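Hi,

Here is the structure I promised to pass on. Have a look at it first, and then read my notes below.

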Amino acid sequence: MTTPSPPLTPTEMIAVASSVLERGGYQIREGFPEWITTSTRLFEDEYNIVGLAVFPTCAELLRGWADLQSSLVEVISEKVGRTEGKAWDGYLALLTPGIAPSGDLEIEDVRYDTTRLRKLVGTGEDLGSAGDIERLLRPLLPLRQSRDPIAHQSALDLLPELLAVEGIDRQTTTILVKSFTDQKPLMEALHRTRENE
């Protein structure tokens, strides 16, 4: 039995989210003091502007998101011309390690509110690891470049790599895929491999 990892702290969340966005081609925008704090950052790439905010609790997120949205809309209005496509591609990423009460409609209302800005909202239930934060921010990131042209690979060829990203042993998946494509018994192949270890 594995012990669950401790929840991410707000500081870890802002660091991970910032790293994810920077690896995705975003740059931190300086010169906006309200967006360069211990819990907020402002990012920009060629196409989007992203306000990132981490709150210690869900209650603080619910109290503070509207003011942050107004602030980000103001920044976009002042710095981006109305005819630029980026003027319409503002995002507010709101994160908290706090656990929302079961079925919390207020959090859902924020999550699906697309007035003024699109919102990406992640709470403690959604964000147990750095990978969860990356998954939440994935709509803002460029499509991943594959090392090999996908056209020359089958879906089964891609499976070991895709599952490895989710923490599933690549060698085991490769053995299972090979047995499947060779039309051999899957469990037998696994047992043979374990005996040889």
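**What I found**

Glu108, Arg111 and Asp126 are joined in a network of salt bridges, a salt bridge being a side-chain nitrogen of Lys or Arg within 4 Å of a carboxyl oxygen of Asp or Glu. Please keep in mind that this is a predicted model, in which local features need pLDDT of at least 70 and side-chain atom pairs count only at pLDDT 80 or more, while totals for chains, interfaces and linings use all residues. Residues are numbered from 1 along each chain as its sequence is written, and side-chain values use heavy atoms, with hydrogens and water left out.

Helices (H or I, at least four residues) and strands (E, at least two) are DSSP runs, numbered from the N terminus. Helix 3 covers residues 105–111. The Arg111 side chain also reaches the backbone oxygen of Val121, at 3.0 Å. Beyond four places in sequence, Arg111 is in contact (heavy atoms within 4.5 Å) with Lys119, Val121, Gly122, Thr123 and Asp126. Asp126 has a relative accessible area of 35%, so it counts as partly exposed; the classes are buried under 20%, exposed over 50% and partly exposed in between (1.4 Å probe, protein chains only).

The protein has six salt bridges by this rule. Another of them joins Asp113 and Lys119 (3.5 Å, N to O), and both of these residues are buried. Lys178 and Asp182 form one as well, with their closest N and O atoms 2.7 Å apart; Asp182 is partly exposed because its relative accessibility is 38%.

**Helix 1**

Which residues of helix 1 are buried? They are Met13, Ile14, Val16, Ala17, Ser18, Val20 and Leu21. Their cover includes strand 2 (40–44), strand 3 (49–54), strand 4 (90–95) and helix 4 (130–137). Leaving out residues up to four places away in sequence, Met13 touches Leu8, Val54, Leu95, Thr96, Pro97, Leu127 and Ile133. Met13 and Ala130 are 117 residues apart in sequence, yet their C-alpha atoms are 7.7 Å apart in space.

The end C-alpha atoms of helix 1 are 20 Å apart, which agrees with the 20 Å that its 14 residues should span at 1.5 Å a residue; the expected span is 1.5 Å times one less than the number of residues. Just after helix 1, Gly25 takes a positive phi of about 100°.

**The whole protein**

There are seven helices and five strands, in the order α-β-β-β-α-β-α-β-α-α-α-α along the sequence. Of the 197 residues, 39% are buried. Among contacts between residues at least 6 apart in sequence, 59% join residues at least 24 apart.

On confidence, pLDDT (the predictor's confidence in each residue, from 0 to 100) averages 83, and 85% of the residues score at least 70. Over residues 146–152 pLDDT stays under 50, and the model has three contacts beyond four places in sequence for them.

Best wishes

Notes. A polar contact is a pair of N or O atoms within 3.5 Å; within protein, one must be able to donate a hydrogen and the other to accept it, and residues adjacent in sequence count only if both atoms are side-chain atoms.
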